[in-house]
Amino acid sequence: MLTGAAVAAAVGIWLIALALTPGLRRRLPLRSPADCPPPQLRASLDRDGAAALLRDAAMRVSGVSRARIRVRRRRIKARADVRFRDPQQVKDDLAAVLSEERGRLALSRPPRIVVRVRQRTACPTPSTEPTP
């Protein structure tokens, strides 16, 4: 009976260790091509690489001065600073561009996109007039 309890405890500790290790959590699985023969291909994309591709696409949107992209398993969070143009137009354009780029990534479970924009104004330049 003690041997069985020791084995059960060892298996439990092993399962807890496996649950806490990261595994492939930093990777996003990709779709397998439709014309692929039965042993399906397994490929994945690093989340940081996906974020870099989406950030490059976001920076091509007119009006975006800075973009930060965070890619998770179920959600892509995009934050952008807008220097000119209407923020709502930039948000719509940014959502469309990111959605298109997400489609090009060919992810097996495409995460939903959340876009936030904020208006940034240029810093005022200091006056050269002497103060009285």
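Q: How much accessible surface does the chain have?
A: About 10,000 Å², with 58% of that belonging to carbon and sulfur atoms; areas come from the Shrake-Rupley method with a 1.4 Å probe, and for residues only the protein chains shown count as cover. This is a predicted model, in which local features need pLDDT of at least 70, side-chain atom pairs count only at pLDDT 80 or more, and totals for chains, interfaces and linings use all residues. Residues are numbered from 1 along each chain as its sequence is written, and side-chain values use heavy atoms, leaving out hydrogens and water.

Q: And what share of residues is buried?
A: 20% of the 132 residues, where buried means under 20% relative accessible area (1.4 Å probe, protein chains only).

Q: Which elements does the chain have, and in what order?
A: From the N terminus, α-β-β-α-β-β-α-β. Helices are DSSP runs of H or I with at least four residues, strands are runs of E with at least two, and numbering starts at the N terminus.

Q: What about the sheet, which strands are in it?
A: E3-E4-E5, in that order, as an open sheet with mixed pairing; two strands pair if DSSP finds at least two bridges between them.

Q: Which strands are at the edges?
A: E3 (64-71) and E5 (112-119); each has a single partner strand, so one side of each lacks a neighbour in the sheet.

Q: How do E4 and E5 pair?
A: In the parallel sense, over 8 bridges, with E4 covering residues 75-82. Ile 76 has Ile 113 in E5 as its bridge partner.

Q: Which strands does H2 touch?
A: Helix H2 (residues 47-59) packs on the sheet and touches E3 and E4, contact meaning heavy atoms within 4.5 Å.

Key: Axes are lines fitted to C-alpha atoms, for helices over the stretch in contact, and angles run from 0 to 180 degrees between N-to-C directions. Buried means under 20% relative accessible area, exposed over 50%, partly exposed in between (1.4 Å probe, protein chains only).
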